[in-house]
Amino acid sequence: MIGLLGLKRGASSARLRVLCLGAHSDDIEIGCGGTLLQLAKTRPRPEFRWVVLSAIGARATEAKRGARKFLGPAAQDAIRLHEFRDGYFPAQFAAIKDAFEQIAREFQPDIVFTHRREDRHQDHRVVSDLTWNTFRKQLILEYEIPKWDGDLGVPNFFVPVNRRSAQSKAKALLDVFGSQRSKDWFSEETFLGLMRLRGMECRATDGYAEAFHARKIVVPL
Ligand SMILES: [Zn+2]
């Protein structure tokens, strides 16, 4: 997949650079944790940047634990946490835009994982909009977050996830994000169920997949 998209240029070339953006400290893991678990094991190992825009107090600790759990040794030097107010991103747009400019100055990714444009959470939409505003030459993959709003769409880009990664993702989410357990949807069943559905849609070998919205794909021939 990555080869087809022109993102892997042989073992001797530069490492793949992967930027993971999340509004809150469980979004990246929920949206693309299985993909990242597998991507972090590829050789040469990609270089990651893991950015959470609202990670304060206990949620900052969770964000760091989450990144380490999913990226393993690749989490070293990858984590960048900000302290924007949860739920109020539209009112902090200018400051968050400045943060994005800073991210782009420090790290030039090949792939960006971010929130989906039509996500009903206002913080998620700000992150999605600023991703497209900031990164013009990169492959942007928008991940999905199940929620009460029922805003899942029809994705067009699938990454099959093996059974072990799917189960590790679901377990790690419950293990790391204790602060989210009060949400009745935050369960292993939800995460495995969505991956199973997406795996069925793309006929994944192990039955699991994560799905993304890819609005623009450039295929170099
Ligand atoms: Zn979120």
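1. His124 has a relative accessibility of 3% and therefore counts as buried; buried means under 20% relative accessible area, exposed over 50%, and partly exposed in between, with a 1.4 Å probe and protein chains only. Asp27 is likewise buried, at 3% relative accessibility.

2. The model is a predicted one, in which local features need pLDDT of at least 70 and side-chain atom pairs count only at pLDDT 80 or more, while totals for chains, interfaces and linings use all residues. Residues are numbered from 1 along each chain as its sequence is written, and side-chain values use heavy atoms, leaving out hydrogens and water.

3. The zinc ion has as protein donors His24 (ND1), Asp27 (OD), Asp27 (OD) and His124 (NE2), at 2.1 to 2.4 Å. Donors are N, O and S atoms within 2.8 Å of the metal (3.2 Å for Na, K and Ca); water is not among the atoms, so sites may look incomplete.

4. Along the sequence, the donor residues of the zinc ion follow the spacing H-x2-D-x96-H. Asp27 belongs to helix H1 (residues 27-39) and His124 to helix H4 (residues 122-134), so the pair ties together parts that are 97 residues apart in sequence. Helices are DSSP runs of H or I with at least four residues, numbered from the N terminus.

5. Ala104 is located in helix H3 (residues 93-106) and is partly exposed, with a relative accessible area of 22%. Apart from neighbours within four places in sequence, Ala104 is in contact with Thr134 and Phe135, contact meaning heavy atoms within 4.5 Å.

Technical notes. Helices (H or I, at least four residues) and strands (E, at least two) are DSSP runs, numbered from the N terminus.
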